[in-house]
Amino acid sequence: MTHPVSPARTRILAGLTIVAAIMFVVAVGMAVFYAPTDAQGMVQRIFYPHLGSFMGGALAFFVAAAAGVLYLITRADRWDTLALSAIEVGLVFTGFNIISGAIWARPIWNTWWTWDPRLTSAAVMWLAYAAYLMLRNSIEDPGRRARLAAVYGILAFSSVIFTTVITRVRPDTIHPVVVGPSPQNAQGSFGVSDPRMVATLMFNILTFIVLAITLIWHRIRLEDFSRYVAALKMRYLTR
Amino acid sequence: MFFLQETPIPDNLSYLILGLLALFTFFGVFIASLIWRMRNLRHDMALLEQMAAEDVPVGDVAVVEKPGAAASRPASST
């Protein structure tokens, strides 16, 4: 039984963590101080981390689905660990995405929440992935747990695709979009035409993607270490 | 000239602050949970290493007492 922490990878992860932390501070600083104020007021600035966190979360869920496919092909535990780590991180990112959307909606739509198609699909997506963690905890046999979780992770990714495209296929949504024309009923639309807005948006998306990768890597290390300690305990108890 | 007046930008700074608070809370709590879980695992690991070094029998793990603890315990009626 080898210790799961490699010194070389630890150094790379430490470097990546520092880069991600600096990028995070710069991204928030750009959103608050650098991007110009829109006609909606200061609250519009929450849009940059709002979209960035969705991109980071969607990437994490995509990684989980891909890891699920690879687990079913290879049956290697590392893909199961990757899927679990990615989904836990994705839940944090999309959770913030939903909450920040509600905070923006209060002054713009005059409500914290409405059962709009986009908001509802985002909530269903988050709950579907929260159920993934409950599913894992309800199955004791590790092989069966990993197999079912892989299948569930692949199927749950359909909710991410649905949430992404719903503003293009449902004209009755009031959620605005920034790439391409907003739906006809969209409320609170704003243009991202100023170069400083574009730079802030792009940097926020990049930052949240780097942050997602960093946190997934940290979560993988935690899971590997957890399995290592569990195996040591088992060896001690059965000697 | 009434028609040249611009629409005033609404004052909703408090919602931006709330959004930033949510941002730092979400990610802060998750990172703190990673640190806390790693610390617990390291503690378990240290305990396992200590038990292996002292060669404590598995069945005795739960009944290891400090010296003198039995003497200070109140006498049982049974």
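Where is the place of N110(A)? In this predicted model, the place of N110(A) is in the loop between α3 and α4 of chain A.

**View 1. N110(A), a non-glycine residue with positive phi.** N110(A) has phi near 65 degrees. The residue belongs to the loop that lies between α3 and α4 of chain A. N110(A) has 9 other C-beta atoms within 10 Å, so it counts as exposed. The cut-off for exposed is 12 or fewer.

**View 2. R75(A), in the loop between α2 and α3 of chain A.** Helix α2 covers 47-74. R75(A) is not a glycine, yet its phi is positive, at about 60 degrees. R75(A) has 13 C-beta neighbours inside 10 Å and therefore counts as partly exposed.

**View 3. α4(A) against α5(A), a roughly antiparallel pair.** Helix α4 of chain A spans residues 117-138, and helix α5 of chain A spans residues 142-169. Their axes come within 9 Å and cross at roughly 170 degrees. Angles over 145 degrees count as roughly antiparallel, so α4(A) and α5(A) are placed in that class. From α4(A), the contact includes P117(A), S121(A), M125(A), Y129(A), Y132(A) and R136(A). From α5(A), the contributors include R145(A), L148(A), Y152(A), A156(A), F162(A) and I166(A). By class, this contact has 15 nonpolar, five polar and three charged residues.

**View 4. α3(A) across α6(A), a right-handed crossing.** The two axes come within 8 Å, with a crossing angle of roughly 135 degrees. α3(A) and α6(A) are therefore oblique to each other. α3(A) brings T81(A), L82(A), L84(A), S85(A), A86(A), E88(A), V89(A) and F93(A) to the contact. Facing them from α6(A) are F208(A), A212(A), L215(A), I216(A), R219(A), I220(A), E223(A) and D224(A). Ten residues of this contact are nonpolar, two are polar and four are charged.

**View 5. The contact of chain A with chain B.** Chain A puts in 26 residues and chain B 25 residues. On the side of chain A that touches chain B, α3 (77-109) and α6 (195-237) each supply at least two residues. α6(A) gives the most to this side, with ten residues. The side of chain A that touches chain B holds 16 nonpolar, six polar and four charged residues. The helices α3(A) and α6(A) of this view are also the pair that crosses at roughly 135 degrees.

Key: Residues are numbered from 1 along each chain as its sequence is written. Chains are lettered from A and ligands numbered from 1 in the order in which they are written. This is a predicted model: local features need pLDDT of at least 70, side-chain atom pairs count only at pLDDT 80 or more; totals for chains, interfaces and linings use all residues. Two residues are in contact if their C-beta atoms, placed from the backbone, lie within 7 Å. Helices (H or I, at least four residues) and strands (E, at least two) are DSSP runs, numbered from the N terminus. Ala, Val, Leu, Ile, Met, Phe, Trp, Tyr, Cys and Pro count as nonpolar, Asp, Glu, Lys and Arg as charged, and the others, Gly among them, as polar. Axes are lines fitted to C-alpha atoms, for helices over the stretch in contact, and angles run from 0 to 180 degrees between N-to-C directions. Angles under 35 degrees count as roughly parallel, over 145 as roughly antiparallel, 65 to 115 as roughly perpendicular and the rest as oblique. A residue is buried if 20 or more other C-beta atoms lie within 10 Å of its own, exposed if 12 or fewer, and partly exposed in between; C-beta atoms are placed from the backbone. A crossing is left-handed if the near helix is turned anticlockwise from the far one by less than a right angle, and right-handed if clockwise.
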